[in-house]
Amino acid sequence: MKAARLQEYGDVNQFRLEDAPDPAPKAGEVVIAVAVSGLNPVDLYVRQGYLKEFIPIELPGILGIDAAGTITAVGEGVSGFAVGDRVVGHLPINGHGAHAQKAAVPVAGLAKLPANLSFEAGATLPLVGLTARDAVDALNVRPGQRVLVAGALGAVGRAAVQYLKEIGATPVAGVRGARLSEGKALAGEAIDVETAAGAQFDHAVSTAPAVAGKVPALVKDGGTVASVVQTPPEANPGERVKIASIMTQDNPAKLQAVVDAAARGELDIPIAQTFPLAELGAAHTALSAAPHGKIVVTH
């Protein structure tokens with residue numbers, strides 16, 4: 001198969017489209033023919049070697065943790081999936097990722113992709129959808145509670161807004177002043193998170209690094225901030241609110257719920273740009289420019 005392999009940690013010129021061995025499914029895995037793979041900010045850190053002390057990969061290696069495609073082989077012990085199924089997958093960071101014509105995917109990170117969703121749409125969903133649901137679940141939200149979603153127009157923020165609506169909470173989009181109308185269209189209510197003041201929310205989901213220090217002050221005493229970015233310690237004097245740092249966990253039922261929400265038309269993650277597999281380096285460059293939407297790669 002062809003794969004865009006990272007030769008050495010470093011800049012985007014370290015990617016090379018070349019032949020690589022076809023993966024074979026281990027127990028609990030399937031192999032998919034990847035139609036589209038998605039990029040996430042963590043891919044930039046992996047490529048540059050910032051995570052190699054914690055998550056080393058064998059080089060040359062294949063990056064990419066979000067994929068959509070069709071199952072071509074099923075490993076031992078796998079049930080509920082068959083050759084020919086359209087699926088999305090959340091892959092581990094192990095150097096055998098999604099930016100290749102084929103990829104092995106653990107069933108723990110697999111969900112079926114309904115026929116009314118494109119592979120492009122499917123590839124936007126796994127990491128951001130799981131992250132958003134893990135964040136909202138950490139809040140123990142009750143129906144009717146007001147929850148600030150800081151960075152609501154980002155991919156994780158959009159998925160959090162959708163899930164909050166689904167469980168009966170009241171999401172409020174925290175956005176920059178110039179995008180208030182977009183935030184209101186998404187969530188029904190929006191605030192300028194850079195200028196807002198006062199503890200007015202029961203809980204919050206914090207997804208935007210630039211305003212992470214402002215979010216705790218907007219949450220009522222005893223509330224929780226579920227943060228997928230680093231929150232400055234000084235932003236929560238006296239530990240007035242709880243800060244829950246979110247590390248995404250694979251959960252196939254949760255991933256299927258994300259995909260099903262998209263299939264119902266309740267969740268739409270915009271795509272900013274699409275690149276062919278041979279131009280993965282350019283895709284990384286585009287992602288580093290913080291686009292308004294996901295970057296996906298067609299195979």
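Start by selecting G265, which is exposed, with a relative accessible area of 62%; exposed means over 50%, buried under 20% and partly exposed in between, with a 1.4 Å probe and protein chains only. The model is predicted: local features need pLDDT of at least 70, side-chain atom pairs count only at pLDDT 80 or more, and totals for chains, interfaces and linings use all residues. Residues are numbered from 1 along each chain as its sequence is written, and side-chain values use heavy atoms, with hydrogens and water left out.

G265 sits in the loop between α6 and β15 (271-276). Helices (H or I, at least four residues) and strands (E, at least two) are DSSP runs, numbered from the N terminus.

Select V88, L125, A152, L164, V205, V259 and L267, the residues with the most contacts inside the largest nonpolar core, which has 43 residues. Such a core is a set of buried Ala, Val, Leu, Ile, Met, Phe, Trp, Tyr and Cys residues joined through side-chain atoms within 4.5 Å. Two or more of its residues come from each of α3 (126-137), β9 (146-150), α4 (155-166), β10 (170-175), α5 (180-187) and α6 (252-263). The largest share, seven residues, belongs to α4.

Centre on V205 and show its contacts (heavy atoms within 4.5 Å). Leaving aside residues up to four places away in sequence, V205 touches A135, V136, L139, V147, L148, V149, A150, A160 and A226.

Move to helix α7, residues 280-288, and colour its buried residues: L280, G281, A283, H284, A286 and L287. What covers them? The cover over the buried residues of α7 includes β1 (2-6), β2 (15-19), α1 (41-48), β15 and β16 (294-298).

After α7 comes A290, placed in the loop between α7 and β16. A290 has a positive phi, near 55°, and is a residue other than glycine. A290 counts as exposed, at 56% relative accessibility.

E239 also has a positive phi in a residue other than glycine, near 50°. Look for E239 in the loop between β13 (219-227) and β14 (242-245), where E239 is exposed at 68% relative accessibility.

Finish at L59 and P60, which are joined by a cis peptide bond with omega about 0°. P60 is in the loop between α1 and β4 (61-62).
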